[in-house]
Amino acid sequence: MDTDDKAFYSNVLVESVWNTWYNSNLEIPLTKPHIRAKLVSGYGEWYNTRFGVWDTQSALFSNKNDGTEITREVVLGKNKNFNSVRDKDQGGPDKSHLQPITMGNEKYMYLDLTVPVRAVYFPVAASSSALNEELCTYLMVDFRLRKGVKMRSRQSGTSYDVAYSYSRGLQNHPYGSLCFDIPGIYAYLVLPQKMRNLDKGLYQTTVVGEELINLFGAGNINAGQPAVKNRTTVNFDGAIDLANVIRDNFGVDICCKLSICCVTTQSNLT
């Protein structure tokens with residue numbers, strides 16, 4: 001296995017919308033500080049609206065699904081360019097990107113919802129086939145193309161309707177996180193739908209506790225325990241622009257505005 005293959009298999013990708021805001025002109029007051037992220041506020045040039053954005057999004061790893069014994073934290077840097085937020089407020093499209101999160105041997109990943117999350121991609125094959133060696137395969141957990149998302153709290157067992165949209169996926173919920181059962185998701189999604197265990201499910205199951213993705217209170221992760229020592233940062237500037245990837249590989253320009261995806265073919269292709 002070469003270096004590129006190792007990098008592929010060791011990283012999960014998180015797709016999020018990066019040019020949105022948590023509040024504007026303090027219309028949503030901050031009731032309490034976030035345990036890991038900071039709310040940064042500012043103005044776009046020649047614009048009177050003050051926006052508040054969260055500066056980071058954290059992914060934490062553990063072999064426990066109760067928020068304890070956190071072994072690692074990966075901090076994803078987020079957008080603090082208020083001109084891009086201004087442009088979105090003036091009717092511009094949602095802009096999304098992919099950020100890699102290094103996986104280890106831990107069973108569970110906790111992901112803070114400080115920004116809208118469109119999808120999470122788990123690596124399967126660095127090369128899809130001998131005929132298409134340049135194409136890779138992921139298991140995609142898509143939070144956009146759904147008729148609402150209903151999730152169960154890992155702590156209370158209560159089910160909640162989670163705010164979402166077709167363009168942004170799960171809306172930002174700064175005091176909430178998602179808990180992913182990584183090996184469980186692989187075992188469930190790699191099988192054809194008719195062969196999947198009926199007692200299992202991504203969000204809702206007959207037996208409480210069999211879900212593979214749960215809601216979790218952000219402040220209850222690693223609560224009352226020593227700070228995580230194994231902590232790495234992924235810079236915002238190093239994110240992968242998904243629109244650029246599609247344009248460079250398939251020769252089309254895309255943008256998502258409201259719930260409409262616009263696709264235009266580039267004219268300079270041969």
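This is a predicted model: local features need pLDDT of at least 70, side-chain atom pairs count only at pLDDT 80 or more; totals for chains, interfaces and linings use all residues.

Guide: Asp94 sits in the loop that runs between helix H2 (82-89) and strand S7 (96-102). Its relative accessibility is 8%, so Asp94 counts as buried, the cut-off being under 20%. Look at what the side chain of Asp94 touches: there is a polar contact with the side chain of Ser167 at 3.0 Å, and another with the side chain of Arg168 at 3.2 Å.

Now let us step back: the whole structure holds ten salt bridges. One of them joins Arg118 and Glu15, with the closest N and O atoms 2.7 Å apart. Arg118 belongs to strand S9 (residues 117-125) and Glu15 to strand S1 (residues 11-17), so this pair ties together parts that are 103 residues apart in sequence. Both ends are tucked away: Arg118 is buried at 6% relative accessibility, and Glu15 is buried at 1%.

Next, find Arg36 and Asp112, a salt bridge whose closest N and O atoms are 2.8 Å apart. Arg36 is in the loop between strand S2 (23-24) and strand S3 (39-43), while Asp112 is in strand S8 (residues 108-113), so the pair connects parts 76 residues apart in sequence. Here too, Arg36 counts as buried at 17% relative accessibility, and Asp112 counts as buried at 1%.

How values were computed. Residues are numbered from 1 along each chain as its sequence is written. Side-chain values use heavy atoms; hydrogens and water are left out. Helices (H or I, at least four residues) and strands (E, at least two) are DSSP runs, numbered from the N terminus. Buried means under 20% relative accessible area, exposed over 50%, partly exposed in between (1.4 Å probe, protein chains only). A polar contact is a pair of N or O atoms within 3.5 Å; within protein, one must be able to donate a hydrogen and the other to accept it, and residues adjacent in sequence count only if both atoms are side-chain atoms. A salt bridge is a side-chain nitrogen of Lys or Arg within 4 Å of a carboxyl oxygen of Asp or Glu.
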